[in-house]
Amino acid sequence: MRISKSLIILALSLSSVTVFAEAPAAAESAPLPVNHAFQEFDNQFYIGFGTSYGNFNNAYGQNSNYGTTYVGLGVERLFDIGLWASIDATMMTGYSNFNSSNANAGTGPLGQNPAVANLDAKVGYAFNPIKDKLQVTPYILVGRNTNLTSNSLNNNTSNGGSGTGNLSANVTQDDFLTGGIGGRIEYRIDKYLLLYFDQNALYNADMSSPNSNYNPASNYQLTSTLGLKYNAWDQLQLGLNSFYTYNQLSGAVSSQQQYQLYQQNQVGIMATVGMTY
């Protein structure tokens, strides 16, 4: 009888050990999210350094070329459920005008490129038509981007007519409110390399309150970006992307501003270094 009781106690003890031993194993073998392979690239934050080259023109057919340097900061996240989001910011660090056929191209302290500082957020949903290889993400974009140019300083009502002679003028409204749609295609080459292409169509609404002689510089924008992410070591990620942007004014300029130069197109490149998480 005692032997039987001992055997029963031993069996129950072994069963308990087996249950507790299998629990961690079951937890460890839980299935990974379907987008896990892309999370290894898209869950990241970075700092970037870039340069761009662009062109302005006006109603008289005059034009000017320009170059910029800038720094960028960003964070990106791909959630288990497929929700994708990113926030990107840039700040211009250098600017130059050259090859200009218009004397107003480099006037004042800022020149004519409005993008002194930009902040944009994207939110979308990622689909995986080919598991671990191909991801497609349609998204919406909202942002606030500066419109700080010599033109805006000279001709906005917020400056009280003082123009560039009053550099302490209120410029808090000299920006664009940006909105639009886009899509991103990502191709995972292997666990180290990912190639992506991003295309969006945007509208930049000029909030800078031009005076009665000037029309707003609101414009349509198309941007195409081709980039590469390289998971170099552990959590270190290196990146490189190039882009092309085209802008078109949404309305006609007034007779007083026909001399004024407006951005037409721009190409650029940015190198990034960041960490995955």
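A salt bridge here is a side-chain nitrogen of Lys or Arg within 4 Å of a carboxyl oxygen of Asp or Glu. The model is a predicted one, so local features need pLDDT of at least 70 and side-chain atom pairs count only at pLDDT 80 or more, while totals for chains, interfaces and linings use all residues. Residues are numbered from 1 along each chain as its sequence is written, and side-chain values use heavy atoms, with hydrogens and water left out.

Across the whole structure, a search turns up seven salt bridges. One of them joins the side chains of Asp42 and Lys229, with N and O 2.9 Å apart. This pair links distant parts of the chain, as Asp42 sits in helix α2 (residues 36-42) and Lys229 in strand β9, 187 residues apart. Helices (H or I, at least four residues) and strands (E, at least two) are DSSP runs, numbered from the N terminus. Asp42 counts as buried because its relative accessibility is 0%, and Lys229 is buried too, at a relative accessible area of 5%. For these labels, buried means under 20% relative accessible area, exposed means over 50%, and partly exposed is in between (1.4 Å probe, protein chains only).

Next comes the salt bridge between Asp198 and Lys122, whose closest N and O atoms are 3.3 Å apart. Asp198 belongs to strand β8 and Lys122 to strand β4 (residues 117-125), so this pair ties together parts that are 76 residues apart in sequence. Both Asp198 and Lys122 are buried. What links Asp42, Glu76, Lys122, Arg184, Asp198 and Lys229? The answer is a network of salt bridges.

Arg144 and Asp175 also pair up through their side chains, in a salt bridge of 2.7 Å from N to O. Here again distant parts of the chain are linked: Arg144 is in strand β6 (residues 134-146) and Asp175 in strand β7, 31 residues apart. Arg144 counts as partly exposed because its relative accessibility is 47%, whereas Asp175, at 6%, counts as buried.

The surface also carries a nonpolar patch, whose members include Tyr125, Phe127, Ile185, Phe197 and Leu226. Patches are made of residues with over 30% relative accessible area and no salt bridge, with like charges joined within 9 Å and nonpolar side chains (Val, Leu, Ile, Met, Phe, Trp, Tyr) within 5 Å. Together the patch residues have about 850 Å² of accessible area, a value from the Shrake-Rupley method with a 1.4 Å probe, where for residues only the protein chains shown count as cover. Strands β7 (175-188), β8 (193-206) and β9 (219-233) each supply at least two residues of the patch. Leu226 has its place in strand β9 and is partly exposed, with a relative accessible area of 46%.
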